[in-house]
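Okay, everyone, thanks for coming.

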Amino acid sequence: MTDTTTTTLSSFVGDWTPQPVVQHDELDPAQATRLAATLDLTETYSAGSQLPMTWQWVYFSEWPRSSELGADGHPSDGHFLPPIPDRRRMFAGSSMRMTRPLRLGEPAQKRSSLESVTEKHGRTGDMLFVTVRNEYSQDGEVVLIEDQDLVYRSDSGASRPFTREVEQLGPTDAPWTAEPTPTTPLLFRYSALTSNAHRIHYDQPYVTEVEGYPDLVVHGPLLATYLAELVRSRSGGRSLRAFDFRLRKPLFLGDAFRAEGRPDGDTVDLRIVSGVDTVHVSGRGELA
């Protein structure tokens, strides 16, 4: 094993310059209908339907062979996975800008490229922040740009106990609210739809004994989708043209939480909170 006590994470990626990758997808409407059912929505989708923001995550799937997965369920190697030892991955957030929604049942292209790599030092150790830019196109036009932020750390996998804060939801004066209640099957179905084999979302012994979490972890992208869906359901038919969010603190299966929105003209401040104002996700949306 490489001695990381005297070697910075950035030293492993000094010559790491992955080239852009282009993927193609026909945007099968059935996949969007599956996500709607997973979210307990009654909508069905057909060719020509507009794809809501954040739903692009169930398309352009990457499905490596099972033998190519690491102990945590993530691929052992991958085009945009930084070459650091004992790599552990966390999703940190995204920034999205859309000129028009993707249309289902029509060919689309996703071009992914490395935008930036930054090393930061925190109280829990050194972390590598990697931003990947995804550009989604149809008919030769880029219609959606997403800068996705991922955090990597070098970790042997030793258990790090995580203190769970179990509190009842406090009151709120937010005008837009929803209180989703994810279940084990929902987390499993969302993992399948997004081609995410990370074991923290479905393997309870692994997540408690290896990762040190108290229970299954609710997907960060799922929490972001709950915020985007809050806007879609409460904005009077208006759609998001921009959405930025950051993950602040993990949520676990069984935790009571609330999605909150505070609209102000064409913008809306968004949060996922638990207990008495404990913020797990913060975000901001712009309405078209």
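Quick definition to start: two rings of Phe, Tyr or Trp count as a pair if their centres lie within 6.5 Å, and for Trp it's the six-membered ring that's used. Keep in mind that this is a predicted model. On that basis, we get 8 aromatic pairs in the structure.

One of them is Phe91 with Phe245: the ring centres are 6.0 Å apart and the planes sit at 45°, so we call that pair tilted. What I like here is the sequence distance. Phe91 is in strand 2, Phe245 is in strand 7, and the two are 154 residues apart. Are they buried or exposed? Phe91 is buried at 15% relative accessible area, and Phe245 is buried too, at 1%.

Phe245 also pairs with Phe243, again tilted, with 5.3 Å between centres and 35° between planes.

Now, salt bridges. How many does the structure hold? The count is 20. Take Arg262 and Asp173, with their closest N and O atoms 2.8 Å apart. Arg262 is in strand 8 and Asp173 is in the loop between strands 5 and 6, so this bridge ties together parts 89 residues apart in sequence. Arg262 is partly exposed at 31%, while Asp173 counts as exposed at 62%.

Then there's Arg199 with Asp203, at 2.9 Å, N to O. And last, shared partners join Arg100, Arg103, Glu106, Asp139 and Glu141 into one salt-bridge network.

How values were computed:
Residues numbered from 1 in each chain as written. Predicted model: local features only at pLDDT ≥ 70, side-chain atom pairs only at ≥ 80, totals over all residues. Heavy atoms only, no water. Phe/Tyr/Trp six-rings, centres within 6.5 Å; stacked < 30°, edge-to-face > 60°. Helix = DSSP H or I, 4+ residues; strand = E, 2+ residues; numbered from the N terminus. Buried < 20%, exposed > 50% of the residue type's maximum accessible area, 1.4 Å probe, protein only. Salt bridge = Lys/Arg side-chain N within 4 Å of Asp/Glu carboxyl O.
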